[in-house]
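Visitor: I would like to learn how to read the sheet and the helix packing here. Please take me through them.

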Amino acid sequence: MARTNDTGSACSRQAVDVRNDPRRALPSASQRHHADREIAERKPNVEPEPTAAKRGVGQCSRSDGDDDALDAGRSHPGHEPERNLVRGRLLDRRRRQRRGGVHGATVDVTSLDPVATTSTSILAHLDLDAFFAAVEELEDPSLRDKPLVVGGDPRSRGVVSTANYVARSFGIHSAMSAAEALRRCPHAVFVRPRHVLYRQYSRAVWDTVAQIVPRIERTGIDEGYLDLGTVARDFVRARELASAVQTSVRATTRLTCSLGIGTSKVVCKIASDRRKPGGITVVPAGREARFLAPLAVRLLPGVGPRAEERLRAASVDTIGGLAALGDTELKAILPGSLGKLLRDRARGIDPRALELEGEPVSVSAEDTFARDISEHDVLHAEVRRLAEVVAERLRASGLSGRTVTAKIRYGDFSIRTRSTTLSAAIDDATTIGDVACGLLDRGLRDRPGALRLVGVGVSGLSPYRQLSLEQS
Ligand SMILES: [Mg+2]
């Protein structure tokens, strides 16, 4: 009997319909200040930090005329695959949401069943919008309409960490020198980063996201990948889930985030940046290359300043241009494995899987004897007992593994390990015990002696239980 992934069961019960739940309703503008204070009070272990030093002068009269500064390189609307995907049903849903006044607030994911398997990966990249600056605005709402720069001292060698969208309309961006930011906008407000505070907001965000999508790889304080494929069977449902994530993050922290949905990390990462702030961009399977093609080649993760320079020198300005390079041309421009890796990514090919947090690399158990033991039967019995402990831990974590290891320690404290990797992942005690006993015997053949300790471990873990040996 094939056993299937059950990681999505909890989230199927997770409703984020804030429309009918006054506890989760988004606060009105008049309630914001109170809500902001409330969130600060709710944060666990809030360490008092000095109020951010503001060194800017006065207010800037310029309004947020271009809050989409990050989207400068946006492709022609006709090239946006999402436009085709969301036609009809989703557009209708958006209109209904707009009429309801809160974007994305009416998504109910109770109907989203956990999905055992999907033929293609459905991933999302989540990126909080102007995170540090957004937190500072929540902490001090008077900053909301001002050009705000979170970073170092503009009068020394400080660097911009994050600029809010008002400041971005002046051409200020992350990693720019703070002095240059001040030159571009003399009225900007500069505040020092408060990392303890940002971590608290970040934790609240990811706790909320994990309630909807349990499989997450955090790649930074304000970004990470979500495995939507475990909870959404197609891209339409994936988009609904992404919307639910946005709603939940906003309801919990009042922060906004953008998501890119696709089949690979590289596509998702680029997509999440297309409609900032607060956007969702979906790149369905098969549309990856077309989505990427018109974009500037520097937007491709992995293309650094040097690679960009070489590509531009060869008149390769777009990701599509890189994707179209033949082997010989590619070798001349970007020799070595990097060129091939980047060309694959330009074609939307990116086999990197999510690196999940909290999942153990291996599951093992070991026991030290009261006296050194050399009796074969006693050692085998002990190994089988440990195999049962390991199997129980594996099952409790919903994991199985392909590599079994036996560890033996001799009376002189020297340690040997013997491992073998099977063709299928296992999680049952009998099989683990059989394999581990064989490994123990191999170790003792190599070096006979009385043992002080034996251990059994299983690694090469995967979250999906697969057919075990006797079932295949
Ligand atoms: Mg961000």
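Visitor: How many bridges join strand 2 to strand 4, and do they run parallel or antiparallel?

Guide: First, the ground rules. This is a predicted model; local features need pLDDT of at least 70, side-chain atom pairs count only at pLDDT 80 or more, and totals for chains, interfaces and linings use all residues. Residues are numbered from 1 along each chain as its sequence is written. Now the general idea: strands of a sheet pair through backbone hydrogen bonds, either parallel or antiparallel. Strands (E, at least two residues) and helices (H or I, at least four) are DSSP runs, numbered from the N terminus. Two strands pair if DSSP finds at least two bridges between them. Here, three bridges join strand 2 (residues 148-151) to strand 4, and the two run parallel. Valine 150 has valine 191 of strand 4 as its bridge partner.

Visitor: What is the strand order of the sheet?

Guide: The order is 3-2-4, in an open sheet of three strands with mixed pairing. Strand 3 (160-163) and strand 4 (189-191) are the edges, each pairing on one side only. The twist averages 25° from one strand to the next.

Visitor: At what angle do helix 8 and helix 9 pack?

Guide: Axes are lines fitted to C-alpha atoms, for helices over the stretch in contact; angles run from 0 to 180 degrees between N-to-C directions. Helix 8 (residues 195-212) packs on helix 9 (residues 235-253) at about 140°, with axes 9 Å apart.

Visitor: Which residues make the contact?

Guide: Contact requires C-beta atoms, placed from the backbone, within 7 Å. Helix 8 contributes residues including Tyr201, Val205 and Ile212; those of helix 9 include Leu241, Val245 and Val249.

Notes
Contact = placed C-beta atoms within 7 Å.
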